[in-house]
Amino acid sequence: MDDSQPRFLDDVTVELVKHSASDTDVLWAARVSTAGEQSLEEIGKDPERSKGLINYLMRDRHGSPFEHNSMTFLVSAPIFVFREFHRHRVGWSYNEESGRYRQLQPNFYIPGRERKLVQEGRPGKYVFVEGTAEQHKVVTEAMESAYRQSYAAYQEMLEAGVAREVARTVLPVGLFSSMYATCNARSLMHFLSLRTKSEQARVPSFPQREIEMVAEKMEAAWAELMPLTHAAFVANGRVAP
C-alpha cells in the first residue's frame with residue numbers, strides 16, 4: 001500500500017498496553033486506615049467477599065482507595081479528540097506523537113453512517129439527529145477532498161526541504177494521532193462520567209461522539225480488570241468518588 005495515499009477511518013482504536021489494577025487494590029488501600037500494615041493481607045483474598053466495602057466507598061465517595069492502581073492505554077484517534085481529552089489533567093499522564101519529529105501518516109477521520117450529523121435546538125439544549133443520505137454524501141466528499149489537498153500540500157513542503165514542524169501546519173484536526181494515556185481508576189471514572197452518555201448516570205452528560213467512542217473502549221477494558229469497582233460505579237449513578 002502507498003503510504004502517501006490518504007486512508008479514511010470511521011473508528012478509533014484503544015489498546016490496554018500495561019496495567020497494575022484489580023479490585024483488591026481498592027480493598028487493601030481502604031483497610032489500612034483500620035488494619036495498618038495488616039491490610040496487605042487483603043492482596044491474597046477473594047475481593048468478591050468484600051464487594052460491599054467497594055460499594056460503600058463508591059456510594060459515600062471515599063475516593064482515595066481507587067487511586068492505588070494504574071492503566072496505560074495506547075489511543076489512536078483524530079486530533080480534535082485529543083484536544084478534548086487533554087482537558088482531563090488530574091490523575092492523567094500523556095505522551096503524544098510529535099509532528100516535529102516524524103512525518104505524520106495520512107490517516108483521516110470521516111464519520112460513519114451511524115454518526116448523527118444534524119444539531120437541533122439552541123446551545124445548552126440541543127440534540128443530534130440522523131443525517132440524510134445526501135448529507136452523509138456531502139460530508140464524505142468534502143472531507144476526502146480537503147484531506148487529500150492538505151496532505152498533498154504537506155508532502156510538497158517536505159519534499160522542498162521545509163521543516164516538519166512548519167509543514168504540519170496545513171494538516172487538519174481530522175488527522176489521526178496516537179498517544180499513551182496513563183490513569184488510575186478514580187481519574188478514569190471522572191473521565192467516563194463526563195465523556196459517556198448513559199441512562200444510568202445520575203448527572204447527564206453530552207459528550208461529542210468521537211471522544212465517547214474512546215471512552216467506551218477504555219471502559220470495556222477497565223471493567224474486565226476491576227469488575228466489582230466498575231459495577232459499583234454503574235450502580236451508584238456513574239459518579240466518580
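1. Residue classes are used as follows: Ala, Val, Leu, Ile, Met, Phe, Trp, Tyr, Cys and Pro count as nonpolar, Asp, Glu, Lys and Arg as charged, and the others, Gly among them, as polar. On that scheme, the lining of the second largest pocket has 3 nonpolar, 5 polar and 5 charged residues.

2. The model is predicted: local features need pLDDT of at least 70 and side-chain atom pairs pLDDT 80 or more, while totals for chains, interfaces and linings use all residues. Numbering runs from 1 along each chain as its sequence is written, and side-chain values use heavy atoms, without hydrogens and water.

3. The second largest pocket holds about 200 Å³ of space (a pocket is an open set of points on a 1 Å grid over the protein atoms alone, with protein on both sides within 12 Å along at least five of seven lines; a cavity is a set where a 1.4 Å probe fits but cannot get out; lining residues have an atom within 4 Å of a point). Of its 13 lining residues, R89, V90, W92, S187 and H190 are closest to the centre. Helix α6 (residues 185-195) supplies the largest share, 5 residues.

4. The largest pocket has about 680 Å³ of space (volume is the space filled by probe spheres set on the points, which are joined across faces, edges and corners). Among its 19 lining residues, K116, F128, K197, P207 and R209 are closest to the centre. By class, the lining has 7 nonpolar, 3 polar and 9 charged residues.

5. M58, R59, R61, R202, N236 and V239 line the largest cavity.

Note on methods. Helices (H or I, at least four residues) and strands (E, at least two) are DSSP runs, numbered from the N terminus.
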